[in-house]
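These are my notebook entries on one protein structure. I set down what I looked up, topic by topic.

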Amino acid sequence: MVGSIQLSQSSDKDFVDKDFVHKNYAEKAVLGVHAFTTGRGFQHKEHRNGSYLPQLWWVLTSRSWVGLPISVFLIEHKDGLVLFDTGINPGIVHEPRYISQAIGRFLLKRIFRFEIGRDETLERVLETRGFDAKCVSKAIISHLHFDHIGGIADIPQAELLVSEAEWVQLSAPHPEREWVLREHIELPDARWCPIKFERAENPLFDAFGGAHDVMGDGSLIILPTPGHTPGSMSLLIRSSIAPPILLIGDLAYSAEAILQDRVPGTGNAKQLRRTYSKVRDMKAQIPELLIVPSHDDTAITALNTILKERYDDA
Ligand SMILES: [Zn+2]
């Protein structure tokens, strides 16, 4: 159903070598990486940067809003198109009952604001950049929050890879209280594939407690990075077109926050700190590593600049 694991080819020192990036098995596997947005959102400063105030207090009283992109990443792999997350659905703004529970609609207005056009669907966003949603073969879902699963109806043919730890949240009582909206996840056509992480002999991956090799060629490696949600995961992209890229979803709202060990006002702070430390270790081993959160304009601009330079050089 998903790629086999071939992660055991590195010795202890391999990952600090240039080979870590340009290993033969990864070379020419990734042909392109693209960042898109399915609209923009706003969150409170306390949500983004953390706060000493209790969460309910800032949710109800904060008047400060910070703008952010709602990102989707597309990887052109030689064996098919792979998405990292599917963005937000315009229905959240344009359909009054997109969130079925009144308490959810009440809290949503206090926690988030959105600027999303009616036509900013995943399908249209891909189309405007010259890609056909029907050609997406896999989508890696970093976690199940509504602003990451909003496009799954546009890609019924795609395998939707999610961690088992994230998937079990659906069977917990009231997952919608954690912004996991079952009615938009359990679609009849959706091809969800909960994945298990397997032991990786490469110590860089093993430090995360396992890995999953998406295409079986070492180019796209999923790593468990819990904290924002229990089953959040990140994607390491190794290619010959860019330095290694670590797409981290909502593990942090800015790459800087991880380097400075600043946790946001949401998620499990202890777990976040543990994961931040692993990501910092990876960055120390691979200084050129690009850490790209889903809601960080600065990191996404840096990614686009590097990709453009590399393409221009090619
Ligand atoms: Zn989230």
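Predicted model: local features only at pLDDT ≥ 70, side-chain atom pairs only at ≥ 80, totals over all residues.

**Entry 1**

I found 7 strands forming an open sheet with mixed pairing, in the order S4-S1-S2-S3-S5-S6-S7. Strand S4 (112–115) and strand S7 (191–195) stand at the edges; each has a single partner strand, so one side of each is left without a neighbour in the sheet.

Strand S5 (residues 136–140) and strand S6 (residues 159–163) run parallel and are joined by 3 bridges. I noted Leu160 in S6 as the bridge partner of Ala139.

**Entry 1: The whole protein**

I recorded 12 helices and 12 strands in the protein. Of its 314 residues, 45% count as buried. For contacts between residues at least 6 apart in sequence, I noted that 68% join residues at least 24 apart.

**Entry 2: The largest nonpolar core**

Which residues touch the most other members of the largest nonpolar core? I found that they are Leu83, Ile140, Ile222 and Val292, in a core of 75 residues. Strand S2 (residues 65–77) supplies the largest share of this core, with 5 residues.

Apart from neighbours within four places in sequence, Ile140 is in contact with Val82, Leu83, Phe84, Leu161, Val214, Ile222 and Leu235.

I turned to strand S9 (residues 220–224), where 5 of 5 residues are buried. Leu220, Ile222 and Pro224 point one way from S9, Ile221 and Leu223 point the other way, and all are buried. I kept in mind that side chains in a regular strand alternate between the two faces of the sheet.

On pairing, I noted that strand S8 (residues 212–213) runs antiparallel to S9, with 2 bridges joining them. Asp213 has Ile221 in S9 as its bridge partner. The hairpin of S8 and S9 has 6 residues between the strands, and there Gly216 takes a positive phi near 75°. S9 also pairs with S10 in the antiparallel sense, over 5 bridges, and Leu223 stands opposite Ser234 in S10.

**Entry 5**

Is strand S11 (residues 245–249) mostly covered or uncovered? I found it mostly covered, with 5 of its 5 residues buried. Ile245, Leu247 and Gly249 lie on one side and Leu246 and Ile248 on the other, and both faces are covered.

I listed the partners next. Strand S10 (residues 233–237) pairs with S11 in the antiparallel sense over 3 bridges, and Ile237 stands opposite Ile245 in S11. S11 and strand S12 (residues 290–293) pair in the parallel sense over 4 bridges. Here I noted Ile291 in S12 as the bridge partner of Leu246.

Asp85 is not a glycine, yet has a positive phi of about 70°. Asp85 is found in the loop between strand S3 (80–84) and helix H4 (91–94).

Trp179, also not a glycine, has a positive phi of about 65°. Trp179 lies in the loop between helix H8 (164–167) and S7.

Why does Asp85 count as buried? I found 27 other C-beta atoms within 10 Å of Asp85, and the cut-off for a buried residue is 20 or more. Trp179 has 20 C-beta neighbours inside 10 Å and therefore counts as buried.

Methods: Residues numbered from 1 in each chain as written. Pairing = 2+ DSSP bridges. Core = buried A, V, L, I, M, F, W, Y, C linked by C-beta atoms within 7 Å. Buried ≥ 20, exposed ≤ 12 C-beta atoms within 10 Å, placed from the backbone. Contact = placed C-beta atoms within 7 Å.
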